[in-house]
Amino acid sequence: MIEILTPKAFNFEQTLRFLSRNEKECLHTIKNNEIFKVISFENSLVLFSISFTKHLQISIHSENQGQKIIDFVKDYVSDWLDLKANLHFFYETAQNDEILASLCQKFYGLRMIGMPDLFESLVWSIIGQQINLNFAYSLKEKLVQNFGQKHFYNNEAFYALPTPERLAGLTLEDLQPLQFSRNKAQYILNVSREFAEGNLSQEVLKKLSFEEVKKELVKIKGVGNWTANYSMMKSLKNYDAFPVEDVGLHNAVKTQYGLMAKPTISELNKMAEKWKGWRGYATFYFWHSLLG
DNA sequence: TACCAGGATGTTG
DNA sequence: CAACATCATGGT
């Protein structure tokens with residue numbers, strides 16, 4: 001058993017609530033308050049699980065339990081659950097906005113559940129463009145089950161995202177029967193090829209400034225402002241990345257502020273000035289409010 | 001049936 | 001830079 005100490009402001013209950021938001025989610029599984037996930041490490045799959053009693057307990061359910069794997073999984077979990085952020089500064093900023101402050105109180109200790117793998121967040125956000133979330137999960141499930149990596153444990157299948165190389169080798173005709181629109185399929189192929197050919201990598205982007213990273217991402221046809229900001233907040237820990245075009249955010253803001261209509265982009269940009277420095281984190285809290 | 005859904009691209013003024 | 005048209009799939 002591997003233990004990861006958690007900061008004071010850490011709420012495992014809300015973490016589970018977020019990770020359970022859709023039954024079709026196929027890149028992790030939750031059973032009895034334990035989170036299972038398969039990730040790829042040095043060309044092999046590693047299944048691990050996370051439970052919580054006072055602190056996080058990690059179990060690795062693969063043959064290889066070497067120290068390198070343990071360290072890799074610990075880093076992954078710390079990144080995924082965003083254990084290193086200092087929420088104090090976010091909550092301090094939130095005091096500028098009564099509505100956000102009340103969400104912070106309600107969800108105290110909720111951390112921005114991310115996607116440590118940039119490729120995953122790009123694929124997922126492209127899938128989610130312009131369609132409802134439930135259908136998006138359904139598309140992701142088909143993509144993963146058809147082209148992803150399968151790992152068996154106790155006669156149960158766990159899936160990992162297809163590699164960029166696997167998806168880069170596909171054609172539109174492979175994806176359209178799965179109900180991907182032609183544009184959506186093409187956008188996913190575009191991103192996959194950028195990664196597979198080594199034109200785009202998380203390591204290189206980490207060295208660039210906020211604006212430089214966004215510029216690199218938006219170069220890819222199919223990645224616009226929303227997708228770039230989504231991936232930057234979920235994978236690159238840009239806590240101020242702000243997907244202002246997000247319909248879910250619009251709905252949440254309308255509800256939380258009691259507005260008659262959804263805010264326009266420019267209205268929302270103005271409102272979000274109060275969250276500056278933490279606009280991505282604020283967005284995540286508003287999204288969480290949609291779970292009811 | 002028209003409109004909406006965790007948008008993006010391209011054209012036009 | 002803003003406003004619009006177009007894309008294209010499923011749900012209500």
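The centres of domain 1 and domain 2, taken over C-alpha atoms, are separated by 22 Å. This is a predicted model, in which local features need pLDDT of at least 70 and side-chain atom pairs count only at pLDDT 80 or more, while totals for chains, interfaces and linings use all residues. Residues are numbered from 1 along each chain as its sequence is written, and chains are lettered from A and ligands numbered from 1 in the order in which they are written.

**View 1. Where domain 1 touches domain 2.** Chain A is divided into domain 1 (2-84) and domain 2 (118-235), with bounds that come from an automatic or database domain assignment. Domain 1 brings 13 residues to the contact and domain 2 brings 14 residues; two residues are in contact if their C-beta atoms, placed from the backbone, lie within 7 Å. On the domain 1 side, the elements that give two or more residues are strand 3 (34-41) and strand 4 (44-53). Helices (H or I, at least four residues) and strands (E, at least two) are DSSP runs, numbered from the N terminus. Strand 3 gives the most to this side, with four residues. By class, the domain 1 side holds seven nonpolar, four polar and two charged residues. Here Ala, Val, Leu, Ile, Met, Phe, Trp, Tyr, Cys and Pro count as nonpolar, Asp, Glu, Lys and Arg as charged, and the others, Gly among them, as polar.

**View 2. Helix 5 against helix 9.** Helix 5 (residues 118-128) and helix 9 (residues 182-196) pack at about 170°, with their axes 9 Å apart. Axes are lines fitted to C-alpha atoms, for helices over the stretch in contact, and angles run from 0 to 180 degrees between N-to-C directions. The two helices are therefore roughly antiparallel; angles under 35 degrees count as roughly parallel, over 145 as roughly antiparallel, 65 to 115 as roughly perpendicular and the rest as oblique. Look for Phe119, Leu122, Val123, Ile126 and Ile127 of helix 5 meeting Lys184, Tyr187, Ile188, Val191 and Phe195 of helix 9. That contact has nine nonpolar residues, no polar ones and one charged.

**View 3. Helix 5 against helix 12.** The axes of helix 5 and helix 12 come within 9 Å and cross at roughly 140°, which makes helix 5 oblique to helix 12. Their crossing is right-handed: a crossing is left-handed if the near helix is turned anticlockwise from the far one by less than a right angle, and right-handed if clockwise. Leu118, Ser121, Leu122, Ser125 and Ile126 of helix 5 meet Thr227, Tyr230, Ser231, Lys234 and Ser235 of helix 12. These residues divide into four nonpolar, five polar and one charged.

**View 4. The surface near DNA strand B.** Of the 21 residues around DNA strand B, Leu133, Gly224, Trp226, Thr227 and Val247 come nearest; a residue is near a molecule or strand if its C-beta atom, placed from the backbone, lies within 6 Å of it. Helix 12 (225-235) and helix 13 (247-257) are the elements that give two or more residues to this surface. Helix 12 supplies the largest share, four residues. Sorted by class, the surface has seven nonpolar, eleven polar and three charged residues.

**View 5. The surface near DNA strand C.** Around DNA strand C you will find Gln130, Ile131, Asn132, Phe135, Gln179, Ser181, Arg182 and Asn183. This surface has two nonpolar, five polar and one charged residues.
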